[in-house]
Number of protein chains: 2
Amino acid sequence: MTSNPRLIFKKCVGGGLPVVGEHIKFDNTPKIDLDNVPLKGGFLSKTLLLSPEPSMRERMRDPSLPSYTTAYNVGEIITGFGLVVVLRSEREGVKVGDYMYGITTWEAYTVQPYVEGRVDVTKYPPGTFDMDSLALQPVPNPNGMYPLSHYASILGTPGLTGYVGFQGIIQGKEGETIFVSSGASGVGNMVIQLAKSKGMKVIASAGSDIKVEYMRSLGADVPFNYKKESYDSVLAKNGPIHAFWDNVGAEALDAALAHARNYARFAICGTAATDNVPNEERYRLKNAHLIMKKCIKLYGFIVPDFLPQFMGQFLQEVPTMIGQGKLKSKELLVEGIENAAQAIVDMLNSGHDVIGKPVVIVAKE
Amino acid sequence: MTSNPRLIFKKCVGGGLPVVGEHIKFDNTPKIDLDNVPLKGGFLSKTLLLSPEPSMRERMRDPSLPSYTTAYNVGEIITGFGLVVVLRSEREGVKVGDYMYGITTWEAYTVQPYVEGRVDVTKYPPGTFDMDSLALQPVPNPNGMYPLSHYASILGTPGLTGYVGFQGIIQGKEGETIFVSSGASGVGNMVIQLAKSKGMKVIASAGSDIKVEYMRSLGADVPFNYKKESYDSVLAKNGPIHAFWDNVGAEALDAALAHARNYARFAICGTAATDNVPNEERYRLKNAHLIMKKCIKLYGFIVPDFLPQFMGQFLQEVPTMIGQGKLKSKELLVEGIENAAQAIVDMLNSGHDVIGKPVVIVAKE
């Protein structure tokens with residue numbers, strides 16, 4: 001028998017950050033018989049990497065709160081994006097040694113498919129997306145072309161989010177200016193580089209000086225630390241903007257509205273600034289009237305909205321650009337599934353002084 | 001010589017409503033020689049109707065404030081939408097007796113074109129629309145099919161705004177619910193009826209009980225007085241909504257965000273609730289984070305954005321629907337250009353206890 005540690009979702013998170021042990025519990029006691037566990041027509045996977053992402057916070061909320069996604073079930077194993085390798089298989093088309101990327105249970109070994117049908121979508125309003133439906137898909141073995149950890153950053157959901165939103169909403173061109181909030185995040189990392197590849201001027205914010213330097217290394221023309229210079233002052237000086245990629249909301253969104261050109265397009269991708277703030281303390285937007293005054297378009301979106309249109313293009317273009325050195329990505333490697341819960345909290349607690357998309361290394365191959 | 005009274009723009013309006021005499025001055029002293037005034041290749045028009053509209057408030061602002069439109073020039077005659085008849089003409093294609101609708105100077109008689117090139121658009125940021133460019137265009141003589149005053153309501157800019165925004169953004173269908181704020185306005189009047197013609201359930205707000213009854217007569221399923229029932233409580237009970245047509249902003253927009261379905265579409269057409277409020281007292285939006293959480297799309301827009309796409313369809317469809325009794329419109333007739341300035345203020349001062357799109361009758365034919 002082999003140890004099969006996992007993360008259990010213990011309790012919905014209210015206004016603040018999740019607390020390790022209270023909301024997310026590491027459970028080291030389960031065991032698995034890797035050679036004999038019944039596969040029931042499925043396959044056995046070994047988890048290599050796990051990818052802490054903001055949507056996990058959304059799934060930890062009280063399920064009665066409005067959201068684009070279904071919530072986690074209390075008492076079950078947490079799910080999220082990960083990279084696995086196939087150890088045994090009874091499923092047609094899935095072979096031993098295959099790499100697969102998608103939503104998986106956050107444990108060391110899993111008899112798949114495990115996440116399908118875990119959530120009763122009929123309990124949610126129409127139009128609520130079940131993240132668990134983003135099932136594991138085969139991905140190529142990079143064979144040294146790029147590190148496996150890219151599957152949890154630029155070649156995973158963060159990169160995909162930046163790519164499809166940029167193609168679908170921003171569509172920048174030379175001479176235009178874009179502002180990217182949380183530019184050192186996994187998504188921001190992709191958006192800054194795509195915007196530069198189109199010849200845009202890029203203003204980008206983050207919460208520490210080391211992240212400012214990282215954004216500069218990605219090509220950002222005006223990277224800044226919002227804790228030292230206000231969004232408003234930087235955009236007043238370097239705007240107005242044709243486009244805004246928003247990962248944070250609140251003051252950043254307000255300043256973007258104030259310094260947007262008429263007909264600016266806003267990709268509303270995240271609300272990190274207020275995700276861990278109680279409802280009554282949430283920042284209140286003062287410039288909403290400018291949406292009309294400036295004919296601004298705001299597009300709240302999630303990745304699945306654009307997958308049919310741009311997934312093929314992503315799979316074709318991005319690995320090539322990485323191979324050619326035209327797209328860079330930095331990952332922050334966290335060793336061991338026992339540290340995965342804290343990695344989720346750290347990812348949500350923005351402004352810390354480390355850079356790179358967090359990736360939990362559960363096992364080497 | 002004939003008296004040629006007019007409205008002069010005297011002073012930019014700050015945070016509040018314009019004041020007759022202070023910001024807009026009625027000047028009864030000018031005269032015109034209708035038989036001999038030189039036309040210089042243009043034509044002489046007699047003003048029949050003038051149409052007070054919210055965009056006039058926008059043009060009275062300090063020109064340094066951001067807006068979709070150019071501002072008025074201090075000291076010049078106010079311009080706005082109106083219906084004129086041609087008295088004399090030296091211009092090819094313009095004949096004596098023609099009715100024309102579009103932007104004109106707010107005076108009894110005008111040698112046209114008068115408004116072209118009045119505004120130096122280069123003083124404004126790119127993407128600022130010069131309202132004065134919506135020049136007079138020939139319109140059919142209704143010959144009793146409908147009253148001339150319809151040209152200042154359902155067949156004019158208010159009706160056109162509702163029509164093109166509905167076709168371009170809302171595109172409703174049976175089984176869907178829409179919320180229309182300021183439903184008894186010229187624009188709201190059109191949107192309610194179009195939504196009903198598509199089979200939508202219509203929730204609609206206004207600021208007086210008589211307007212509630214008017215909205216009910218237009219077919220609104222849930223008309224309500226926002227001064228008696230909160231936006232939030234009505235939408236909680238009758239939502240969630242698939243679409244929102246917003247003429248007012250502030251609390252209405254906040255409640256619409258709270259009670260929107262995922263992927264709802266918002267046509268952001270006006271901000272009447274805060275247009276006459278000083279900047280620091282403006283309502284601050286608490287639900288902006290839901291744009292992302294619910295993947296909502298917000299489209300700030302003005303009529304010219306959609307004219308190339310839908311103007312032909314409007315001219316073909318709407319007069320026919322009116323003739324068939326499928327579209328109704330009520331106008332509030334104000335007699336005399338001497339009352340035009342007050343009519344503008346009354347139109348901006350929403351919630352008063354009269355219904356109908358205000359129309360100033362300057363002259364009978």
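In which sense do strand S10 (residues 177-180) of chain A and S13(A) pair, parallel or antiparallel, and over how many bridges?

Guide: They pair in the parallel sense, over three bridges. Two strands count as paired if DSSP finds at least two bridges between them. Helices (H or I, at least four residues) and strands (E, at least two) are DSSP runs, numbered from the N terminus. This is a predicted model, in which local features need pLDDT of at least 70 and side-chain atom pairs count only at pLDDT 80 or more, while totals for chains, interfaces and linings use all residues. Residues are numbered from 1 along each chain as its sequence is written, chains are lettered from A and ligands numbered from 1 in the order in which they are written, and side-chain values use heavy atoms, with hydrogens and water left out.

A:Ile178 has A:Ala243 of S13(A) as its bridge partner.

Now the whole sheet. It is open and has 12 strands, in the order S12(A)-S11(A)-S10(A)-S13(A)-S14(A)-S15(A)-S15(B)-S14(B)-S13(B)-S10(B)-S11(B)-S12(B). The pairing is mixed. Strand S12 (222-225) of chain A and strand S12 (222-225) of chain B are the edges, each pairing on one side only. On average, neighbouring strands are turned by 15° against each other, direction ignored. Axes here are lines fitted to C-alpha atoms, for helices over the stretch in contact, and angles run from 0 to 180 degrees between N-to-C directions.

Strand S13 (residues 241-246) of chain A runs parallel to S14(A), joined by five bridges. A:Asp246 has A:Ile268 as its bridge partner in S14(A).

Strand S14 (residues 260-268) of chain A is largely enclosed by the rest of the structure, because seven of its nine residues are buried. Buried means under 20% relative accessible area (1.4 Å probe, protein chains only). On its other pairing, S14(A) runs parallel to strand S15 (residues 297-300) of chain A, with four bridges. There A:Phe266 is partnered by A:Leu298 of S15(A).

Touching means contact, with heavy atoms within 4.5 Å. Helix H4 (residues 209-217) of chain A lies across strand S11 (201-206) and S12 of chain A. Its angle to S12(A) is about 170°.

H6(A) packs against helix H5 (residues 231-238) of chain A at an angle of about 25°, with the axes 9 Å apart. H5(A) and H6(A) are therefore roughly parallel to each other, a label for angles under 35 degrees. Their crossing is right-handed, meaning that the near helix is turned clockwise from the far one by less than a right angle. A:Tyr231, A:Asp232 and A:Leu235 are the H5(A) side of the contact. They meet A:Glu251, A:Ala252, A:Ala255, A:Ala256 and A:Ala258 of H6(A).

Key:
Buried < 20%, exposed > 50% of the residue type's maximum accessible area, 1.4 Å probe, protein only. Parallel < 35°, antiparallel > 145°, perpendicular 65-115°, else oblique.
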